[in-house]
Amino acid sequence: MATDDTPAPVEHLEIQAGPHTYDALACGPADGEFVLLLHGWPEFADSWSAVLPALGAAGYRAVAVDQRGYSPRARPPRTADYAVPELVADALAFADSQGAGRFHLVSHDWGGMVAWALAGAHPERLKSLTVLATPHPDALNRAAAEDPDQHHRLDYVRFFRRDDGAAETALLADDAARLRAAYAGKVPAALVERNVRRLSAPGALTATLNWYRAPESVISVPAGRITVPTLFLWGSEDTALGRLAAESTGEWVDGPYRFEALEGASHWLPEEVPDVVTPPILDHLGRHHV
């Protein structure tokens, strides 16, 4: 790929997938290898704002999407509409809309859960898989069952899964103090403010929490074994996802695999340490661009 230190300009896109319209950000030449970036909770496409320009400058066509529930025009009403198979189908539709057959997939947090599931079910679509923070679902499931510490780290998920409105009320009370606290001071203040504003819109927070509520149980995300080339980056100070699950993720990867523990980094890798995560992402994409 081309090497250019000049950041690529960010474009705003609208992507039509099925009955829904998704807002997206893009960088890089239209004919570059396609890279799809999936955000987590409570994030949007602009969580990748410091990563996208580097991918574009390297010659990739990088697109980050406000996913289902996050884009105002892609907010179906039923909890079941946010099941993982629906989210996987969305990701494939995003790539299809840009004319990408096989593509690179980069993900963080809940986007990582979607990415593991997509890679397991549709390996023929991926040139490479990159996951930030999120262990393979089966590794996380096993760790939560065997390790009391990991089990309790997921107490917030159990709270979010309540469908009585308690989570929404708690997160938005006192000028969204609890929602703001979720970022643990690791995300730029201006981005936190934008996130809070967007998630305070009527129905927005419930739609994003439906990602947690749609699965049958806390970590029931079907992923299977992974055969595509995989890069997994995890921060040692991640308060939700512990070391046991992170270090055992490779047991579910049969393809080429690289794991890096980023000592001192938190859960919020794309926003907190973009200069740390971008070089290994670019290296990974460059090794698997055929």
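Let's start with T230, which sits in strand β7, residues 230-235. This is a predicted model, so please keep that in mind throughout. Is T230 buried or exposed? Its relative accessibility is 1%, so T230 counts as buried, the cut-off being under 20%. And what does T230 contact, once we set aside neighbours within four places in sequence? The list is W116, L129, V253, P256, Y257, R258 and H284.

One of those partners, L129, takes us to the largest nonpolar core, which has 73 residues. L129 is among the members that touch the most other members, together with L36, W41, F103, L105 and W110. Which helix gives the most to this core? That would be α3, residues 110-121, with eight residues. Apart from this core lies another one, of 24 residues, including L25, V51, Y60 and V273. As a general reminder, nonpolar side chains in soluble globular proteins tend to be buried together.

Now, W41 deserves a moment. Leaving out residues up to four places away in sequence, W41 touches Y70, D109, W110, F160, L171, L179, L205, T208, L209, Y212 and W268. The peptide bond from W41 to P42 is cis, with omega near -10°. P42 itself is in the loop between β3 (34-38) and α1 (52-57).

D109 is found in the loop between β5 (103-108) and α3. Its phi is positive, about 55°, although D109 is not a glycine. With a relative accessible area of 7%, D109 is buried.

Where else do we find a positive phi in a residue that is not a glycine? A176 has one, of about 60°. This time we are in a helix, α7, residues 166-181. A176 is buried too, with a relative accessible area of 3%.

Let me step back to the whole protein. There are twelve helices and eight strands. For 290 residues, a compact globule would have a radius of gyration near 19 Å, and the protein has 18 Å, which agrees. The C-alpha atoms fill a box of roughly 50 × 40 × 35 Å along the principal axes. Of the 290 residues, 56% count as buried. Among contacts between residues at least 6 apart in sequence, 76% join residues at least 24 apart.

Finally, the surface and the charges. The protein exposes about 11400 Å², and carbon and sulfur atoms supply 53% of that area. There are 24 positive and 39 negative side chains, with the centres of the two sets 3 Å apart. Thanks, everyone!

Notes: Residues are numbered from 1 along each chain as its sequence is written. This is a predicted model: local features need pLDDT of at least 70, side-chain atom pairs count only at pLDDT 80 or more; totals for chains, interfaces and linings use all residues. Side-chain values use heavy atoms; hydrogens and water are left out. Helices (H or I, at least four residues) and strands (E, at least two) are DSSP runs, numbered from the N terminus. The radius of gyration is taken over C-alpha atoms; the globule rule is 2.2 Å times the number of residues to the power 0.38. Buried means under 20% relative accessible area, exposed over 50%, partly exposed in between (1.4 Å probe, protein chains only). Contact means heavy atoms within 4.5 Å. Accessible areas come from the Shrake-Rupley method with a 1.4 Å probe; for residues, only the protein chains shown count as cover. Lys and Arg count as positive and Asp and Glu as negative; His and the chain ends are not counted. The place of a charge is taken as NZ of Lys, CZ of Arg, CG of Asp or CD of Glu. A nonpolar core is a set of buried Ala, Val, Leu, Ile, Met, Phe, Trp, Tyr and Cys residues joined through side-chain atoms within 4.5 Å.
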